[in-house]
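Subject: Structure for your review

Dear colleague,

Please find the structure below, together with its sequence.

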Amino acid sequence: MLNCIIIEDQPPAQRILQTYIADTLTLELKGVFSEVTSAKSLIEKEAIDIIFLDIHLPKISGIDFLKSSQNHPWVILTTAFSEYALESYEYKVADYLLKPFSFERFSKATQKVNDIIDRKNIATKTITVKTGHEYIKVNYQDILYIKSDYDYTEIITVSKRILTSDSLKKWIEKLDHSFCQIHKSYIINTNHIVKNTANQVELTNDIKLSIGRTFKKKFVEEYVK
């Protein structure tokens, strides 16, 4: 769940954003503000992930806020003016929505922030793996895929292979949604996908794995964009 706020001085635009946010299961609205100054205290004390920010605001413009704030949350600009688009990306702006925008376009923008945050989290996330009598800490981002081998599973990372007694089912329960089972024998780290066809996925290090018929529909719906 991503916490978000709206900074927008036009009530109709506020209502559209509130409706779109309410219809998005991954978003939780923490506040609606008509100008930047009143939003600052909430930003400082709450863990806000996204600001839906208009550019033309009273007192302080959206662009001036971005220029003056060193550590603001990710921003999705919502504006009727396109001339600030290029400049805005210098200030931690994830996307630029030109009014009027559809729910589909809104969803793509919020998914972009979600993907950015996921990549940042996975870069520091670790999991402890029991192999024999040892416990090894492995970074999520280093795992390429996990292979079932009868009573064992083999974790293939960018630099080594680790044998463990945990089943694929247990790994699916342990790992986050960056990992996907594509075959009865394989779970892959989707962050390492280089390309895929209807029947095969290619990962980093020139690894090619088959996509099982049973798993194809879910893989395509959730991870092929």
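The buried residues of helix H2 are covered by, among others, strand S1 (2-7), strand S2 (27-33), strand S3 (50-53) and helix H3 (62-68). Please note that this is a predicted model. The residues concerned in H2 (residues 36-45) are Val36, Ala39, Leu42 and Ile43. They line one face of the helix, because their directions, seen down the axis of H2, fall within an arc of 120 degrees. The N-terminal end of H2 is capped by Glu35, which has a side-chain oxygen 2.8 Å from the backbone nitrogen of Thr37.

**Aromatic pairs**

Seven aromatic pairs were found in a search of the whole structure. One of them joins Phe52 and Phe106, whose rings are stacked, at 5.2 Å centre to centre and with 20 degrees between the planes. Phe52 belongs to strand S3 and Phe106 to helix H5 (residues 103-124), so that this pair links distant parts of the chain, 54 residues apart. Phe52 is buried, with a relative accessible area of 0%, and for Phe106, also buried, the value is 0%.

A further pair is formed by Tyr145 and Tyr186; it is edge-to-face, because the ring centres are 6.0 Å apart and the planes stand at 80 degrees, where an angle over 60 degrees is required. Tyr145 lies in strand S8 (residues 143-149) and Tyr186 in strand S12 (residues 186-189), so the pair ties together parts that are 41 residues apart in sequence. Both Tyr145 and Tyr186 are buried.

Ring pairs also link Tyr20, Phe52, Phe101, Phe103 and Phe106 into a cluster.

**The hairpin of S14 and S15**

Strand S14 (residues 200-203) pairs with S15 in the antiparallel sense, over four bridges. The two strands form a hairpin with three residues between them, and Asn205 in the turn has a positive phi of about 70 degrees. Opposite Lys208 in S15 stands Glu202. Within S15 (residues 207-210), Ile207 and Leu209 make up the covered face, whereas Lys208 and Ser210 make up the uncovered one.

**Confidence**

The protein chain has a mean pLDDT of 89, with 96% of its residues at 70 or more. Confidence is highest in helix H1 (residues 11-22), at a mean of 97, and lowest in helix H4 (residues 85-88), at 64. Where pLDDT is low, the predicted coordinates should not be read in detail.

With kind regards

Notes: Residues numbered from 1 in each chain as written. Heavy atoms only, no water. Buried < 20%, exposed > 50% of the residue type's maximum accessible area, 1.4 Å probe, protein only. Pairing = 2+ DSSP bridges. Arc of directions from axis to C-beta. Contact = heavy atoms within 4.5 Å. Polar contact = N/O pair within 3.5 Å; in protein donor to acceptor, adjacent residues only side chain to side chain. pLDDT = per-residue confidence, 0-100. Phe/Tyr/Trp six-rings, centres within 6.5 Å; stacked < 30°, edge-to-face > 60°.
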